[in-house]
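Please read the points below with the model open beside them.

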Amino acid sequence: MANASSHYITEEREEVMFSEKGHTFSKTHFLKPIANSSLAVAELPRQRQRLSVSSSPSEELLERLSSRRSVSGFWVAERRFVSWVGKMEALHEPTWRKAGIFEAIKASTYNITKNPSLLLSVSQKWCPETNSFVFPGGEATVTLEDVMVLLGFSVLGSPVSDSVQHSSEMKDAVEKLEKAWLEKKAGHDFVVEEPWTSSFFGRGDLEHEAFLVLWLSLYVFPEKSRRSISKRVVPIAVRLARGERIALAPAVLAGVYRDLGLISGFGRGGDCDGKLSLKSLLKLVQVWTWERFKNLRPKAKEIPRGEPRIAQWDSLQQKHKNVRLKFDDFEWRPYTKPLKNWNPLGVYVEEAKWVTVGKSLGDEFASFAKCVRVSQLAGDGFVESYYPNRVAMQFGLSQDLPGLVTEKEALDDYNKPIDGLKLYIPSRLSSGSVTVRYRDWWVKSVSEMQKETTETLNTRNVFDDDGVSPKVLPLSQVFGNLEEGFPATRTRSRMRRLANKDKIGELVNSLVFSSGKMKGAHEDDEESSMDDEEDDDNLTIAQIRSRRKYSDADKAGEDASEPLGKRRRKFQVMDSDDDSMSCEKLASVKIEQRNEEYDDTASNIQQKTRQVCDDEVDVNGDTAGKRSMIFDEAKKVECWLRDESEKTKCNEKRREDILERLRQRNLAIKEKELKLEARIMEVEKALGKIREWNTGGNKIKNEASA
């Protein structure tokens, strides 16, 4: 019985399932291994938030992800390479299909524009222990199915690490290519793309192998920060050129898992020696996010006939700069839906069924069996764990408590033959669900994670009134971090408002600053207070608390004769007098004050500007010349406001013109429709007369013949 059950990748049983309408008891299907209880489950690791003493890790990490030196998995397919692909495809398409690389080579000709913000947001959800993204609503990850569908790599075939077969012809080809590589490398640290292409393009001898070496070096295993040729892929290229099927997908996915772990560790302040070298196809993560999160994806293009699915994302830009991952919009099975000029794989059947994997069943079902089986993915000198049983809903199956598996068992599982395995193929319309015990375990795990995260944040905010801790974040950084969590729609509208406000604020501040520069020496202390105010955004939380020590007598003694900057600074200190107020509340108060300032009308801004300037002039005995200069500056504000209003009117007028043209166009179309209908009626009448004439003529002929 045990041997029989070992042939099953999926398990069928009746279980209490969770749904929004309530609990249901039904028969459903799960991926093995499954834990019998919450005590035997593969626990969700706790987030270990590390403190950063220096600048924000996210800012530094975003800078690294934006650098071409750190990320090499987004190489653009240049024109000469695309031309070489077309030539080789015409000659070697049957060989490519036999080796399982035809779709992969075609997919590499399409360019994915790197979005560092998106990569950063997604990688912050990554858990290296489970190789999955941890969202509030559940786990998800990049699977072998994604690598197969999006990038076209095969999950079937011999391992990448296998050596060249004992064939003298293949060994000679490897030696010639390696010798050519050494000749191109002479005097340099690496072999660049151009001399390699020039040496073999159109030469005939070993051109196919040299092309595959270039393709593997840039678009499969991009090791260098420059477009260079790797010597280590030469044996793989020779094997592929002979039609040997190689499982490239596991090696590619292992590299992606490793790099996501590096990004995650770097973002949490891990020890990365200040370096971050990402050598995998991280474009897969970006495209995976676009396929799964509907609110983040740009508008997809139409896929050309016969081209791979990734063609719809060719050279597209992210539509939102501020990335927020909403798990409510997550698509569990995007590849089961047909697109124009692209059909889903044959394994996405209309009706669910049990199958036995074998040669007669086809490669697609065998590939699906590889995608849903727990295993170890072998990379170049490293191994990464693959746990599809943690994300069963991505395959249309139900989710239960994920069971434990040893590394040896997982590694053996991938190398074992899959013929004879019993596999349940769900309907392409199946979305899966979760068991009640999984739901309870997940809610408990997430709540404990949030509790630990809150305790960590509270630890970061502990400070001493008498001194400033080096681990306390500046207030300006707190504001920035808080604003990053705003909804994308609100952030976009606030950016427009703040852009206009900043233009007005620069002119208003220039008035106050110019009048302050004309004051006498007796105002030096007041000017220093204004300088202190400009530095308020860089104060730490501990420094803010130290400033709360103003006495009530000092607060009561202030009057209208005090400088504007001094009064504003004291007002801010009084607002933060409550020790229980958190840094987030302070940030929200400051942001709301900025919004309220902008919401004032243009006339109020102008009136306040003149009033402030008049007060400063009256206090210091200003002359008529100074008043004239101030009013000149105020006129600039009026001119700018007038220009903005004129631009708005022009835009409205242009919009009305466009609407009017559309109306005229619709009327013209309707008029043509009426004329066309009238013409059709005339033609029908003419046809009726012709039929009558034909009928009459036939009668005459019949009578004559009679």
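**Notes on the predicted model**

1. Strand S9 (residues 375-378) and strand S10 (residues 383-386) are paired antiparallel through 4 bridges. Strands here are DSSP runs of E with at least two residues, helices are runs of H or I with at least four residues, and both are numbered from the N terminus. Two strands count as paired if DSSP finds at least two bridges between them. Ala378 faces Val383 in S10. The hairpin of S9 and S10 has 4 residues between the strands, and Gly381 takes a positive phi near 90° there.

2. This is a predicted model, in which local features need pLDDT of at least 70 and side-chain atom pairs count only at pLDDT 80 or more, while totals for chains, interfaces and linings use all residues. Residues are numbered from 1 along each chain as its sequence is written, and side-chain values use heavy atoms, with hydrogens and water left out.

3. The mean pLDDT (the predictor's confidence in each residue, from 0 to 100) of the protein chain is 75, and 67% of its residues reach 70 or more. Over residues 47-55 pLDDT stays under 50, and the model has 16 contacts beyond four places in sequence for them; a contact means heavy atoms within 4.5 Å. Residues 594-599 also have pLDDT under 50 throughout, with 10 contacts beyond four places in sequence.

4. The protein chain has 24 helices and 12 strands. Of its 706 residues, 42% are buried; buried means under 20% relative accessible area, exposed over 50%, and partly exposed in between (1.4 Å probe, protein chains only). Counting contacts between residues at least 6 apart in sequence, 76% join residues at least 24 apart. The accessible surface is about 38400 Å², and 51% of it belongs to carbon and sulfur atoms. Accessible areas come from the Shrake-Rupley method with a 1.4 Å probe, and for residues only the protein chains shown count as cover.

5. Which strands form the open sheet that includes S1? Its order is S2-S1-S12, with antiparallel pairing. Strand S2 (24-31) and strand S12 (434-435) are the edge strands, each pairing on one side only. Strand S1 (residues 10-18) is joined to S2 by 8 bridges. Glu14 stands opposite Lys27, and Glu15 has Ser26 as its bridge partner. S1 and S2 form a hairpin with 5 residues between them, where Gly22 in the turn has a positive phi of about 140°.

6. Another open sheet of 3 strands runs in the order S3-S4-S5, with antiparallel pairing. Strand S3 (126-127) and strand S5 (138-140) each have a single partner strand, so one side of each is without a neighbour in the sheet. S3 is joined to strand S4 (residues 132-135) by 2 bridges, and Cys127 stands opposite Ser132.

7. The structure holds 26 salt bridges, each a side-chain nitrogen of Lys or Arg within 4 Å of a carboxyl oxygen of Asp or Glu. Glu139 forms one with Arg390, the closest N and O atoms being 2.9 Å apart. Glu139 is in strand S5 and Arg390 in the loop between S10 and helix H14 (407-415), 251 residues apart. Both Glu139 and Arg390 are buried.

8. Arg428 and Glu350 also meet in a salt bridge, at 2.7 Å from N to O. Arg428 lies in the loop between strand S11 (422-425) and S12, and Glu350 in the loop between H12 and S8, so the pair ties together parts 78 residues apart in sequence. Arg428 is partly exposed at 22% relative accessible area, and Glu350 is partly exposed at 49%. Salt bridges that share partners join Glu11, Arg13, Glu15, Asp400 and Arg437 into one network.

9. Beyond four places in sequence, Ala366 touches Leu156, Val357 and Ile418.

10. Glu89 lies in helix H3 (residues 79-99). Glu89 counts as buried at 18% relative accessibility. Leaving aside neighbours within four places in sequence, Glu89 is in contact with Trp96, Phe102 and Lys106.
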